[in-house]
Amino acid sequence: MKFVRKCVFLLLVAAAIARVGPALASPTCTGRFANPITDICWRCMLPIRFGGLDLLSMGQEDTPNPGGSPLCACPSQLRVGFKVSFWEPVRRVDVVRRPFCLTSLGGLELDPGFDAPRGSRFSQDSTSTSSFYQVHWYVDPVIFWLEAIFDNACLEPGGFDVAYLTELDPMWHDDELTFILNPEVALFGNLAARAACAADCAAATAGFPLNTLFWCAGCQGSLYPLNGNVQAHIGGVQASSLEMTRLIAKMHREGLMWAASGEDGLCGYYPQPIMDKTGYKYHMLYPIPQTAQVSGKCCQPLGRSTILWGAGREFPFEGEDFAYMVFRKRNCCQGAF
């Protein structure tokens with residue numbers, strides 16, 4: 001009789017574990033509203049140049065600016081002025097495990113009435129791990145909507161908006177469908193192309209990534225395919241940085257994100273199907289805002305090694321989803337009249 005009772009007890013325990021096991025394994029929705037004063041590193045906007053001269057730099061990294069005369073003209077806009085350059089905070093990106101979990105909106109979870117692929121992480125063999133995340137794209141021209149600067153044609157206008165959810169994009173989970181968007185991926189699925197990314201990693205860690213190696217995402221791995229499947233998962237910070245970089249490239253490829261730097265950007269935005277990797281810097285907003293400076297800097301170009309800045313920024317439960325602030329290089333003709 002005691003044996004029977006023990007068997008019944010073990011069966012009940014097993015049934016209870018079977019019921020709660022999936023719930024425990026299912027990722028939760030966590031997040032926090034970013035404080036624009038304390039959670040955003042405003043030094044990332046630097047250097048600010050006006051008329052070819054540095055107004056403020058504070059040792060921040062920059063890319064080359066249009067040379068020649070400090071004066072500029074935009075005939076189509078009937079504007080004459082001075083050349084201006086800075087790094088504008090314009091987008092925000094969530095990288096999450098739970099579908100429709102809006103980390104940047106305080107962990108708000110949407111219920112659209114249908115399922116989407118969940119984030120996952122699994123070992124392919126004893127030495128390789130792959131992962132998958134959903135990613136959210138927010139329009140966030142924070143300088144404009146904070147009204148920190150009024151009536152400036154060099155700032156992107158608009159308010160905060162949820163602009164893109166990968167849960168609604170069938171290509172984000174399917175490598176074959178993604179091939180429609182990036183057919184050139186067939187050229188870079190070989191050892192030589194992947195080995196070349198080591199040079200991009202070194203360049204991004206020392207300065208800015210190499211646009212000649214456009215299929216690489218620096219130390220984060222391969223930029224292709226432009227979806228959520230991470231073939232080489234080293235850590236959550238590395239994988240989420242790669243997902244963010246891929247989404248920026250995907251937005252450029254789909255014409256949903258335009259470039260704003262260089263001589264072509266002086267008079268407005270222009271399409272750029274192959275992203276200029278040197279046109280962006282970013283820093284983490286969640287789970288730990290990246291405001292503490294490392295070597296005088298609190299943001300980094302795309303592809304920089306996370307070893308330099310990512311330590312301790314991933315932890316169990318509330319620290320496995322991520323949010324980033326994206327700064328885009330802006331060259332502009334600031335109108336004098």
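Helices are DSSP runs of H or I, at least four residues long, numbered from the N terminus. In this predicted model, T178 lies in helix 3, which spans residues 175–178. The relative accessibility of T178 is 0%, so the residue counts as buried, the cut-off being under 20%. Its side chain makes polar contacts to backbone oxygens. A polar atom of the T178 side chain lies 2.6 Å from the backbone oxygen of M171. The backbone oxygen of D174 is reached by the T178 side chain at 2.7 Å. Leaving aside residues up to four places away in sequence, T178 touches M171, P225, L226 and N227.

An open sheet is built from 3 strands in the order 7-8-11, with antiparallel pairing. Strand 7 (120–125) and strand 11 (229–230) each have a single partner strand and stand at the edges, so one side of each has no neighbour in the sheet. Strand 8 (residues 128–132) runs antiparallel to strand 11 and is joined to it by 2 bridges. S131 has V230, in strand 11, as its bridge partner.

The largest nonpolar core holds 40 residues. Within this core, V93, W137, W215, M244, L247, I248 and Y324 touch the most other members. Two or more residues each come from strand 4 (79–96), strand 9 (134–139), helix 4 (191–206), helix 5 (236–253), strand 12 (280–286) and strand 14 (322–335). Helix 5 gives the largest share, 8 residues.

Notes. Residues numbered from 1 in each chain as written. Predicted model: local features only at pLDDT ≥ 70, side-chain atom pairs only at ≥ 80, totals over all residues. Heavy atoms only, no water. Core = buried A, V, L, I, M, F, W, Y, C linked by side-chain atoms within 4.5 Å. Buried < 20%, exposed > 50% of the residue type's maximum accessible area, 1.4 Å probe, protein only. Polar contact = N/O pair within 3.5 Å; in protein donor to acceptor, adjacent residues only side chain to side chain. Contact = heavy atoms within 4.5 Å. Pairing = 2+ DSSP bridges.
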